[in-house]
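Subject: Structure for your review

Dear colleague,

Please find the structure below, handed over for your further work.

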Amino acid sequence: MTRHIVVIGGGYSGLAAALRTARRLRDARVTLVNPRAHFVERVRLHQLAAGQQLREHPLADVLGRAGVDFVLGRVRELDPDDRRLVVDSLEAPMRYDTLVYAVGSVADTNAPGVTDHAATVAEFAEARALRDRVATVAREEGTVAVVGGGLTGIETAAELAETYPRLRVRLVTDGKPGATLSERGRSHLLRSFERLGVEVRGDAKAVEVRPGAVRLADGDAVTADLVVWATGFGVPDLAARSSLAVDAIGRVVVDDSLRSVSHPDVYAVGDSAVVGHTDGSPLRMACATALPLGQYVGDVIAARANGKQPRPRRFRYVIRCLSLGRRDGLIQFVDAHDRPRERILTGRTAARFKEMVVRGATFTARRPGPYLPWR
Ligand SMILES: Cc1cc2nc3c(=O)[nH]c(=O)nc-3n(C[C@H](O)[C@H](O)[C@H](O)COP(=O)(O)OP(=O)(O)OC[C@H]3O[C@@H](n4cnc5c(N)ncnc54)[C@H](O)[C@@H]3O)c2cc1C
């Protein structure tokens, strides 16, 4: 009987995994399930929030050309003991022989008042809703407070400040913004924020969002007409509600070949898997991680189906790319384990470089070809 491989999630890792599997295993049936008809370039969601139009990439076209079936729907339940899943758009449960779990991540909203009084930028619908709210606040020359000094918070604050010069943008973060950058990288970031008029409130741990303000751990408050909460990512609870082995936040625990440690028919990849370097140090939730490992998972599945040993996983980081609006950016060179080197690229060159990387990521995700970082 034809082997059925189902991929849940059509983001960077899921799309790459589906296309690679279909290319390597010509006699298998591959199905991808995703709740949106289009591939979402998640790394551009801060651009969407700032009012830019994103290009649409219909999944049915990309997958159809590769012979992969597309199901538009959301997986509501997963039963890995019975190799079965429930999709909201299908009447009967879907069965699989091999599953790739690639549902990505969601905004971490785990603080009082966030879900009621703050906006987020981690998913398409949220970023689109934020776009409309920001436009209203900008028209009234009001204030937006972006909470979170990681890459998502930084890119969002910079993009909003550049797009709406009359909007007051505040970045609130515990520690320093861009704490994982090199000294030179951080200096460039602070200069860019100054140029864009972004007010930085560092060493300020936000503990609660109330209407019109962010409350800090020291009892102080930062006022804002709109709060954008960007302190990090959590994951959908689908795996945690099943019998799959997951970590404390619900990511699937996998071995070096990205196979679930509890269910050998299941692989997990991208933000929704706990993946480390082969020496055990963690990989970050990033497109830079999700995409190459999505392709790797396709190779592993194909190798095992053909009775072969999968090749060992090789992975290294090279750069971290930040956009600081459309005319400035920061390319931070890093070592294999993502630790910053002193070398950086800045300004328009970096902005153009980042744009090239983002386009390259979408180009790569849509094709089953090779990807360099783990070669
Ligand atoms: C604003 C922003 C900027 C970013 N910038 C960068 C950057 O510059 N560089 C970088 O490396 N990373 C960046 N990231 C992080 C990056 O986007 C993610 O790490 C990456 O998208 C993870 O890929 P993934 O395949 O795991 O998940 P995703 O790309 O999120 O894809 C997951 C897919 O699964 C689908 N899904 C979810 N639940 C279900 C379900 N139950 N059933 C079916 N489908 C489901 C989702 O709809 C989605 O299509 C950024 C993120 C954001 C929000």
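Taking a disulfide as a pair of cysteine sulfur atoms within 2.5 Å, the count comes to zero. Cys 287 takes part in no disulfide, the nearest cysteine sulfur being that of Cys 321, 9.6 Å away. Cys 321 is likewise in no disulfide, its nearest cysteine sulfur being that of Cys 287 at 9.6 Å. Cys 287 is buried, with a relative accessible area of 18%, and Cys 321 is buried at 16% (buried means under 20% relative accessible area, with a 1.4 Å probe and protein chains only).

Please note that this is a predicted model, in which local features need pLDDT of at least 70 and side-chain atom pairs count only at pLDDT 80 or more, while totals for chains, interfaces and linings use all residues. Residues are numbered from 1 along each chain as its sequence is written, and side-chain values use heavy atoms, with hydrogens and water left out.

Along its principal axes, the C-alpha trace spans about 65 × 45 × 35 Å. Buried residues make up 53% of the 375 residues. Of the contacts (heavy atoms within 4.5 Å) with a separation of 6 or more, 63% are between residues 24 or more positions apart.

Yours sincerely

Terms used. Buried means under 20% relative accessible area, exposed over 50%, partly exposed in between (1.4 Å probe, protein chains only).
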